[in-house]
Amino acid sequence: MIRYRIVLILFTLVFGVIGLRLFYWQVVKAAQLSELGASQYGNAIKIEPVRGEIETSDGFPIAANKISYLLYADPQEVKNKGEVASYLSQSLDIDEASISAQLSQDLLWVPIAHGVTPDDKSKIEKQNILGVGFTEQSERYYPEASMAANLLGFVGKDENGNSTGYFGLEGYYDRLLKGKEGSAVEIHDAVGRPILARVNNKDSFGQDGSTLVLNINRSFQFLAEQKLKEGIEKYGASGGMIGIMDPHTGAILAMANYPSFDPAKYQDFDQDVFKNTLISDLYEPGSTFKPLVMSAAFNEKLLTPESRCPICIGPVSVGGYDLHTWDDKYFPNSTMLQVIQHSDNTGMVYVAQKLGLDRMLEYLNKYGIGKITGIDLEGETAPEIMSKSDWYSVDLATTGFGQGINVTPIELMTAFASIANGGKMMQPEVASSVKTADGRVTKIQPKELGQPMSETTAKVMTEVLVNAVNKGEASFARLKGYRIAGKTGTASIPVAGHYDPTQTIASFIGFAPADDPKYVMFVILNRPTAAIYGAETAAPIFFNISKDLLTYYGIPPNGDE
Amino acid sequence: MKKPIYLIGALIAIIITLFVAKTFVSNRISTSGVVLGDAQEQIADYKTQNAILRQKIYAQSSLTYISQKATKEGFIENSSTLAVSKGLPLARK
């Protein structure tokens, strides 16, 4: 009996051990073994998504992808290292010492050069150098080189070495352009040849990035950049920017910055040039702000273009400060039409005081001043408007002529465009649609931000601005035969509690044709030295570009002077 | 009693057929690896060639390139524009 029991216990123990071992292999180590098994018949392969392209409105890819190669070597296989280093150095224009250093390492794989062109690759391949090979890579390519660089941004690497978009459109639409990485198991035969690729489900394939179609007109962009550069050189400015927008939809047609950079070689540039100054630079706008304040007063029916200015007889004293006109010339009893025509600061003090602080704050809010516009670009900023209790009487007065208040150029252009669009303010949009890799197209619809003024006020203000162009200080530069509405601006630059007496930000904002505007354009020059006034610098650039834009739209002059 | 024998016979026949089919298909698949590998390589090669050609087209149709080439060829910007104004309608003449 005892022997039976011993045998039973032994069997129980043996089965128990087997059971435990089975549990260990089948439950505890199940995942690991399954992976090991899979590795014997297949390899897990990563499917890298192709980054989406960025196209201008004519369908040209302003940001695309190109094939390049990584040149690598197995130092243990390379025979004559000195000769190989010398040949590669000459062929690829790389320092010979750095190639020699790589080849002298006791490793099986060393990278020699990134971004090798297909032509260079085939040239090197013809030499049949033992131990040297290539790996295909995809890298961002900008066919128009530095065109619209500040608008596009660039593609760099994140902390994990993955490609990531920074600044501008590459940054703002990064997730959409990047796509989704996929994975698959490539099944191979006994000698390692691929048979089939297996994916767990459709999503495992990943997804290539979507293509972004822009409102940007490539010709306008090229023209704006060319004229801006010429203008900056001519007027000795430290930099500048031009924005062109369709006032009816908010579509951004061009956005030029100078100085700029080459997005393909972004590492060679200072970080300061990466930002898009139109959306991130704060400045006191000066006289280009006057049309907004005047429109508010017209809209509230406090004034009309024929209303007279009773305080325009000389400098105005407000809160202990004497406020002058830009040229210290005064036009007693001038009308509001003339106040804008002469860009009269004292007249605008009268308008601001007539409007009062409450209404001024209400209209600043309606114009979106102090708020981001929501433009689809990375890096937009917006300065905060002071709370009501912090405003002094002099602040209200100077805001009338655009000093003592900070805006970004895009904020001002968006608000100003409402005058050209019957009082309706549209959100600025750079992208017009998104095309997914499988061909689905999603349109980005124009978005109305509000209506800061009535249609009647917008029409009246347009006439005031046409008069300013035809009879104001920039009239010498105007295009004869066209009705163009616009306003010059010469903004003082605040420096340590006072305004710099020698340097200015010169600008011109306007739209054309005045009766059926096709575009709103804003030209800004930073610190011009040849002349400091907007009328003498920014305005000629505006009209120079306008001449070509109006020809592009097929709008002939009407013959009127 | 005959029916189960037919059934067993049929099952055995199916098993043998499937076994032969499996052997045949496996044999075909295992040798098609080379063809498949070559096809994949060819597709990758064509894709690369297409990408390289596309890049060349983009480079040569960029405004930057065209403008540089135009300047080199001696083209200059025309500063004056001729606008042909519309004539009056016949009824108003």
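**Domain arrangement, chain contacts and sheet architecture**

The centres of domain 1 and domain 2 of chain A, taken over C-alpha atoms, lie 51 Å apart in this predicted model. Domain 1 of chain A comprises residues 66-75 and 108-142, whereas domain 2 covers residues 218-552.

Contact between the chains involves 19 residues of chain B and 21 residues of chain A. On the side of chain B that touches chain A, helix 1 (2-60) and helix 2 (63-72) of chain B each supply at least two residues. Helix 1 of chain B gives the most to this side, with 13 residues. By residue class, the side of chain B that touches chain A consists of 9 nonpolar and 10 polar residues, with no charged ones.

Chain A contains an open sheet of 5 strands, ordered 12-11-21-20-19, with antiparallel pairing. Strand 12 (252-258) and strand 19 (485-495) of chain A form the edges, each pairing on one side only. On average, and with direction ignored, neighbouring strands of this sheet are turned by 10 degrees against each other. Strand 19 of chain A pairs with strand 20 (residues 498-512) of chain A in the antiparallel sense over 10 bridges. The bridge partner of A:V495 in strand 20 of chain A is A:H498.

Two helices of chain A pack on the sheet. Helix 9 (residues 218-235) touches strand 11 (239-245), strand 12 and strand 21 (519-526) of chain A, and the direction of helix 9 makes about 30 degrees with that of strand 12. Helix 15 (residues 409-420) touches strand 11, strand 20 and strand 21 of chain A; the direction of helix 15 makes about 145 degrees with that of strand 21.

Technical notes: Residues are numbered from 1 along each chain as its sequence is written. Chains are lettered from A and ligands numbered from 1 in the order in which they are written. This is a predicted model: local features need pLDDT of at least 70, side-chain atom pairs count only at pLDDT 80 or more; totals for chains, interfaces and linings use all residues. Domain bounds come from an automatic or database domain assignment. Two residues are in contact if their C-beta atoms, placed from the backbone, lie within 7 Å. Helices (H or I, at least four residues) and strands (E, at least two) are DSSP runs, numbered from the N terminus. Ala, Val, Leu, Ile, Met, Phe, Trp, Tyr, Cys and Pro count as nonpolar, Asp, Glu, Lys and Arg as charged, and the others, Gly among them, as polar. Two strands pair if DSSP finds at least two bridges between them. Axes are lines fitted to C-alpha atoms, for helices over the stretch in contact, and angles run from 0 to 180 degrees between N-to-C directions.
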